[in-house]
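Hi,

Here is the structure I promised to pass on. Please have a look at it before reading my notes below.

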Amino acid sequence: MLNVAVFGSGAGSNFHAILAAVQRGDIPGVRISLVVSNNSGAGILGIARAADIPAIHLSQKQFPDEGSFARAVLRTLDAHGVNFVALAGYMKRVPAEVVAAFRGRMVNIHPALLPRHGGEGMYGMRVHEAVIRAGDTSSGATVHYVDEDYDHGEIVLQQAVPVVPGDTPETLAARVLETEHRLYPAALRLISTERVPELKRT
């Protein structure tokens, strides 16, 4: 059983999609044990609380340095029995100490077909702007394992989305987000049933 903590900074639409899939029984090997946000007003916290899932505001601004923040995050995850982390619109870099502790047990979703349009500074609408500026005919979404580099870890699943004539970053973003809502639960289902190939741990 994956006891999952979902980290997010905003409205929580990907979390909502994961939660709905869990509630429907589509991901029988997954339990959402905790939601964490760096933003005390984030919608993801409200969704979690409405579903009686522990929801905690944890921000590095609450701590004197990254090390103390990382240790607080790890204590919180341990206290809730978390053994897997899913980043869902989490707009802060996860401390290296936390990444190391959850190596091979932390995933993220990115709104493009990695390795294209990934890396530091490539998030949100910036990604869709870059896709259109590059003249790409397709974009998509990628679920990948998290390592110390932005958008770099082993890919679990990808799904392409066409870029159509007349697309704006906003219209493309909406189409990609619909795909994310299907892709993330599917990726967690793969992981929970151990059908993902053995990963390179380097």
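A crossing of two helices is left-handed if the near helix is turned anticlockwise from the far one by less than a right angle, and right-handed if clockwise. Keep that in mind for the helix pair below. Note also that this is a predicted model.

**Helices α1 and α6**

How does α1 pass α6? The crossing is right-handed. Two packed helices are described by the angle between their axes and the distance between the axes. Here the axes of α1 (residues 13-24) and α6 come within 9 Å. They cross at roughly 45°. That makes α1 oblique to α6.

Which residues meet? From α1 they are S13, N14, A17, I18 and A21. From α6 they are L177, E180, H181, Y184, P185 and L188. By class, this contact has seven nonpolar, three polar and one charged residues.

**The cores**

The largest nonpolar core has 36 residues. V6, F15, V107 and Y184 touch the most other members. Helix α6, residues 169-192, supplies the largest share of this core, at seven residues.

A second core is separate and has 19 residues. Among them are F7, L58, L77 and V99.

Y184 deserves a look on screen. Setting aside residues up to four places away in sequence, Y184 touches N14, I18, A86, L87, A88, V107, N108, I109 and V143.

**A88**

Where does A88 sit? A88 lies in the loop between β4 (84-87) and α4 (96-101). Its relative accessibility is 7%, so A88 counts as buried. Leaving out neighbours within four places in sequence, A88 is in contact with V6, F7, G8, S9, N14, F15 and Y184. V6, F15 and Y184 are also among the residues that touch the most other members of the largest core. F7, by contrast, belongs to the second core.

A88 and M1 are 87 residues apart along the chain. Their C-alpha atoms are separated by 20 Å.

**N3**

Is N3 buried or exposed? The relative accessible area of N3 is 15%. Buried means under 20%, so N3 is buried. N3 lies in strand β1, residues 2-7. Again leaving out residues up to four places away in sequence, N3 touches R31, S33, G81, V82, N83 and F84.

Best wishes

Technical notes:
Residues are numbered from 1 along each chain as its sequence is written. This is a predicted model: local features need pLDDT of at least 70, side-chain atom pairs count only at pLDDT 80 or more; totals for chains, interfaces and linings use all residues. Side-chain values use heavy atoms; hydrogens and water are left out. A nonpolar core is a set of buried Ala, Val, Leu, Ile, Met, Phe, Trp, Tyr and Cys residues joined through side-chain atoms within 4.5 Å. Buried means under 20% relative accessible area, exposed over 50%, partly exposed in between (1.4 Å probe, protein chains only). Helices (H or I, at least four residues) and strands (E, at least two) are DSSP runs, numbered from the N terminus. Contact means heavy atoms within 4.5 Å. Axes are lines fitted to C-alpha atoms, for helices over the stretch in contact, and angles run from 0 to 180 degrees between N-to-C directions. Angles under 35 degrees count as roughly parallel, over 145 as roughly antiparallel, 65 to 115 as roughly perpendicular and the rest as oblique. Ala, Val, Leu, Ile, Met, Phe, Trp, Tyr, Cys and Pro count as nonpolar, Asp, Glu, Lys and Arg as charged, and the others, Gly among them, as polar.
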